[in-house]
Amino acid sequence: MSTAPESEPAALVKSLDLPAKVALLTGATAFTLAPRESVGLGEVRLSDGPTGVRGLKFSGGRVVALLPNATLLASSWSEESLAEVGRLLAEEALAQGIHVVLGPTVNLHRSPLGGRLFEAYSEDPLLTGRLAAAYVRGMQELGVGATLKHLVANESETDRNTVDCVLDEATLREVYLLPFEIAIDDADAWSVMAAYNSVNGVTATEHRHVNAGIVKGEWGYRGLIMSDWFATRTATAAANGGLDLVMPGPDGPWGDALVAAVRAGEVDESVIDDHVGRLLLLAERVGALGTPRDHPGDLPAPDSPVRREQLTRLAAQGMTVLRNEGGVLPLDPSLTVALAGRHAVETIGMGGGSAQVNPPYQVSVAEGLGAVLGDRLTVVDGVEVRTRPVPARGGFLTDPVTGEPGIRVVLRDATGTVLEQRHVAAATTMVGMDDDFEGTVATAVLSGIVTRSGAVELGVLGVGRWTVRTGGDERSFELRTSGKGFGEEVLTPPISTHVYEVSTGTLFEATVELPAGTEVFGGAGQFGLIGHEASRETVDVIDEAVRAAASADVAVVVVGLTEEQETEAVDKQTLHLPGAQNALVEAVAGAARHTVVVVNAATPVIMPWRERVDAVLWAGLPGQEAGHAVAAALLGTVEPAGRLVTTFPKDDGKSPAWSVTPVDGVLAYEEGPFLGYRGHFAGRAPEPAFWLGHGLGYGRWEYADARLISGDSLAVIVTVTNTGDRESREVVQVYLQPANLAEPVRLAGWAGVTVPAGESARVTVETDRRMWRKWDTEANAWGRVADGGELLVARGLGDIRAVLPIG
Ligand code: BGC
C-alpha cells in the first residue's frame, strides 16, 4: 500500500497515540467526524448527496435546493453544466457548514432494472467519468469535498449488502472502475465511498486489490476511502485492505478491536497512520484543520431568483425530445392544451432513499404550464401510479398546533417524558438516527388535521405497535418489516391504511410504540402519516381525460415512475409504466388532434404507444422547478437539448444485461464490457427503442466533410449545419469500433456546439486516450485496442453520419 506523503497532516499524526488515532477512524455521529483539539482538527460534517445537500438530518431537515436528478443533468452532455452543478452544491454545503458532499454517484447503468440508476449518470463510463470530474472540479474549487461512490460494481440494489458481483478483471478496469479513475485523474476527488456489495468474492470495504492496490497504489490516490453506511464488517481485513474511515459512528467494528489488532501485530501501525494522514488531509482541504475558514455569508437561498433560474435551466436543457412528428413541439402558446396524468398534478422531482432532500417547494407540470397558458390549459388528474400510498402532501394534513401543512410529532421516552416535539412538513420523520436529544424514544404520537371531506385514505408508516384514531374510530395493530431488506425500516417502512368518510377538520392521531432494542440500522426508523383522496375508478379517470383531450388543440399526457421504482434499496421488476398509464395514453391519443407525452422518469420505460403519439419528451426527475422546466421545454423558451445517457430497450428483457437477482448470492456480469448500447450494437440484444446519444432537440442537422486529424489522441473534425429554423445545440458524438469485434464499440469523445438557424460550425472532437486502452489480463497491464477499426460520427448509434476507417 502507498502511504500519504509527508505533509503537515502526516506530521500531526505522530503527535497522537494509537487509541487517539483509531478513535478518529470511525464517525462521531451519523454524518460527522470526531474533532481533536490537540491537532487543531475541527468537526468534519458530511451530507448526502447527489441532487441536493440534505444536511445532517436524514429526513425533515433543513430546507435546501432540490436539483434535477443525475440522469437529467447528464443528458446535457455538458461539462460546463456539471461544473455549475458542483459549484451550486458547494454553495448549498457552505451555507450550512457542510464540508464533504456524498456524491457524485459514478456507478453505471448496467441493467435498466437498477433501482438507484436515477442517482448515477449513464451506462457509459467515459460520459460518467468526464461529467463526474466536472462536478467534482466545480465543487472542490469552493473548498467542499466530493465523494465518488460506490466503489465498485454497485449497479443494482437486490440483496445489496450481501450480493457478490462477479466480473472479469478487464471489465472491472475498462468499464466499472473507469469513471472513478477519470474523476480522480482529471479532478482529484478528495474522497471515495466503498460500496456494500462484494466484488469477486471480497466485500468492497475489505477489497485490498481495488482499494489499496489499484486506487491508492496504481492510481497514486492521496484521498480518503470511507465505507458506505454500516458497510464495514471487520477491523483487520478492512483496515489492511485500504479502507480509511468507518461510517457512521460512534459505534462500529473498529475502535477497541482495531487497537487490539494493532497490538497483536495483525495491523501495522503505519497502516493506521496512513488512514489518519488521509483523514487529516481531507480535513485540511475542506478547511476543518487549523484556523477555521470563513464561510461566505451571502449565498443564494434555495428559493432565491438565482436558484430558480439555474434549476429551471439545468432541468429543461437536459430534457430530451425522443420523437417530434410534424413539428408539434415546441408548442404554440396560443393553442388550447388539455393536460392529463397523475404526474401532471403530482410531478415527481426526485428519487427515493438517501438522495432525498427537503426542498422549499416543488412545482408540478400543471402549475408550470398553467403559469404560461392561463385559461388555455385544462388539467385532469390521471390513473393511479402507486401501489403504496405516500405520506400526506400538499397540505392534505395540517399541523394541529401551528396550522402549517404537515403533521406534529411528539416523541417520548419510556417514562413518558417528552423528548422532542416537531413540526414535520413532509409528514414523515426519522427517529433514532440523527436525533438532537439525549434519551431513547419509546413512543411517538403523530397527528394532523384532515383538510378535505368525503372519502379519504388515511394511514401510518413505520415499524411498531400502533393505535390510530380518526373521529370516533380507533384501530390497533402491529407493523413489522418483511425481514428482506437491510434498512427497510428507514427506506421502505411497512404501512397500513384505511378509507374513511371524514369532514374537513377531523383530527387524525396515531401513537406508535417503537420496538425495543432494535439492532438494525442503528435502531433508526422512519415514521409518518399517510393521507390522500380515495382512488377513483380507472375508467372514469380515462373518460375524463379523453373528453378534455377531444376538446383541446393539443393533449399533453404526463406519465412516469415514482419513488416506488426509482429508489435506493429496491430494484424494478419491469420497465413498463405502473398502473393503467399506457391505457390512458392510448385513449388520449385516440381522441386528441395532437398528443404529446412527457415521461417523468429518470431511467428507461417501455413506450408501446411511441409511434401512435406525435411527440415524446423525456423529462427525468426535474427537481423543485419541475413544472416550470417542463413548460419551458415544451414551449421552447429553453431548448430541451438533451441526448439520452442510457439506451431504452423496446421491451423487458431486451437489454444486454437484464437480471439483477443474484443466484446463490452471485450476480454475474456475464455480458462483460458489452453493457447498454455496446451490446445492442454488437447484436447481443435487439435494436433498442432509443439509443444512448439520441435526442432531437429543436434543430435539424446535416453533417459534412468528416475527417480524422491527429492530436494528443486521434480526433475527428466535421462540419455540422443547422438546417432548422431556430438556434439549437448539437452534440457531436464519436464512437470507436475496434477492428477486433470481441472488443466493444465505445463512446470515445463528444463535443457540444450551439449553432444559429441556417448556419454551420466546424467541430473538432478529441477522442479520450483512455478509450484506446485494453486491459491485458495475462500481462496484468494496459495494452491498446486492436489496430485498424473505425471511428463512427453519430447522433446515437441509430443515426450514424460518417464512418472513418482508422490507419
Ligand atoms: C447509501 C449512500 C449514502 C449513505 C448515507 C447509504 O445507504 O448507499 O449512498 O451516502 O447511505 O446516507
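**Close-up views of a predicted model**

**View 1. Helix α4 packs against helix α12.** Helix α4 covers residues 79-94, and helix α12 covers residues 305-318. They pack at an angle of about 145°. Their axes lie 12 Å apart. (Axes are lines fitted to C-alpha atoms over the stretch in contact, with angles from 0 to 180 degrees between N-to-C directions; helices are DSSP runs of H or I with at least four residues, strands are E runs of at least two, and both are numbered from the N terminus.) The crossing of α4 and α12 is left-handed, that is, the near helix is turned anticlockwise from the far one by less than a right angle. From α4, the contact uses S81, E84, V85, L88, E91 and E92. From α12 come R307, Q310, L311, R313, L314 and Q317. Contact means heavy atoms within 4.5 Å. By class, the residues of this contact are four nonpolar, three polar and five charged. (Nonpolar: Ala, Val, Leu, Ile, Met, Phe, Trp, Tyr, Cys and Pro; charged: Asp, Glu, Lys and Arg; polar: the others, Gly among them.)

The model is predicted: local features need pLDDT of at least 70, side-chain atom pairs count only at pLDDT 80 or more, and totals for chains, interfaces and linings use all residues. Residues are numbered from 1 along each chain as its sequence is written, and side-chain values use heavy atoms, without hydrogens and water.

**View 2. Domain 1 meets domain 4.** The protein is divided into domain 1 (7-285), domain 2 (305-384 + 537-646), domain 3 (397-533) and domain 4 (699-805). These bounds come from an automatic or database assignment. The C-alpha centres of domain 1 and domain 4 are 32 Å apart. Their contact takes 18 residues from domain 1 and 17 residues from domain 4.

**View 3. The largest cavity holds about 130 Å³ of space.** A cavity is a set of points on a 1 Å grid where a 1.4 Å probe fits but cannot get out; points join across faces, edges and corners, and volume is the space filled by the probe spheres. The model has eight cavities of 30 Å³ or more. The largest is lined by 16 residues, each with an atom within 4 Å of a point. Closest to its centre are D48, D228, W229, S354 and E568. Its lining has nine nonpolar, two polar and five charged residues.

**View 4. Two prolines follow cis peptide bonds.** P250 sits in the loop between α9 (236-241) and α10 (255-263). The other runs from L329 to P330, with omega near -5°. P330 sits in the loop between β10 (320-324) and β11 (337-340).

**View 5. D664 has a positive phi.** The angle is about 50°, although D664 is not a glycine. D664 lies in the loop between α18 (626-635) and β27 (666-668).

Note on methods: 1 Å grid on protein atoms, 1.4 Å probe; cavity = no way out; pocket = protein on both sides within 12 Å on 5 of 7 lines; lining within 4 Å.
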